[in-house]
Amino acid sequence: MKSIRYPLLIIVLTGLILSGPVFSQTAEEGSDAATADSLRQGIEAKNAELQKILEERAKIEKQLEETGELKGSLQKELQTINYTINQLNLSIKANQVALEKLSLEIESLNGEIKRVEVVIENKKETIGKLMVELQQKDRESFIITLLKSRSLAESVAESQSIATLQSDLVASAEELRVAQQDMIQKSKEEQTKQKKKQVEQVTLVSRQQIVQDQKSSKNQLLSQTKNQEKIYQQQSAEL
């Protein structure tokens, strides 16, 4: 009667193989590597650009603080509005760069996820083949082995072969588990980046609206200044 001596191992490995989503087919590795390098360079460039914008905004904020120390006047209010608009424009630019950077990071993570999916698919295929081979060897009972008139050396070699298969199977299963955990982690990172991107987009729209409000205030202030100038000129003409 045929027997299988490793039912628990087979069940666990089958669970690993069946778990997870359906994976896409592999792309060319050279192209993937070039794309990954390009994305990495793009992200670094956006980081440098964002840092420069933040430094410029810090200067504007300092100027805005210094303006606040001046005595109250229309000129002071106008200057404050100008600095505020400049500060907001830099913040908007920072939002736009951050959005571009997040898009690159998301694209990079998606590329990494696809590469891990390929690794997982390959590991599943390897495990499947090892399981079939191990089961085939395991089904040969000791009696069948004797009927084949195998020598002791052949029997030892067969045992070593089965042990090697088991070892390879356990190693492949561990590699598969690690790859699956890696994919889960990268998927979570990608979702986090997507949420950050949504927040940046909302902040961008809000700041753009504030800039429009500030520009309206500036126009009103300029109009008020012109009216006061006209009144002054009229009063001077009457003297």
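**View 1. Confidence along the chain of this predicted model.** Among the elements of the chain, helix α3 (residues 74–138) has the highest mean pLDDT, 88, while helix α4 (residues 142–147) has the lowest, 55. Here pLDDT is the predictor's confidence in each residue, from 0 to 100, and helices are DSSP runs (H or I, at least four residues) numbered from the N terminus. Over residues 21–27 the pLDDT is below 50, yet this stretch has 11 contacts in the model beyond near neighbours in sequence; contact means heavy atoms within 4.5 Å. The chain averages a pLDDT of 78, and 70% of the residues score at least 70.

**View 2. The largest nonpolar core, with 14 residues.** Such a core is a set of buried Ala, Val, Leu, Ile, Met, Phe, Trp, Tyr and Cys residues joined through side-chain atoms within 4.5 Å, where buried means under 20% relative accessible area (1.4 Å probe, protein chains only). V116, I120, I127, L134, L169 and M183 touch the most other members. Helices α3 and α5 (152–238) are the elements that give two or more residues to this core.

**View 3. A closer look around V116.** Leaving aside neighbours within four places in sequence, V116 is in contact with A179, D182, M183 and K186.

**View 4. A second, separate core.** Six residues make up this core, including L50, I60, L90 and A94.

**Notes for all views.** Residues are numbered from 1 along each chain as its sequence is written. Local features need pLDDT of at least 70, side-chain atom pairs count only at pLDDT 80 or more, totals for chains, interfaces and linings use all residues, and side-chain values use heavy atoms, with hydrogens and water left out.

Definitions and conventions:
Buried < 20%, exposed > 50% of the residue type's maximum accessible area, 1.4 Å probe, protein only.
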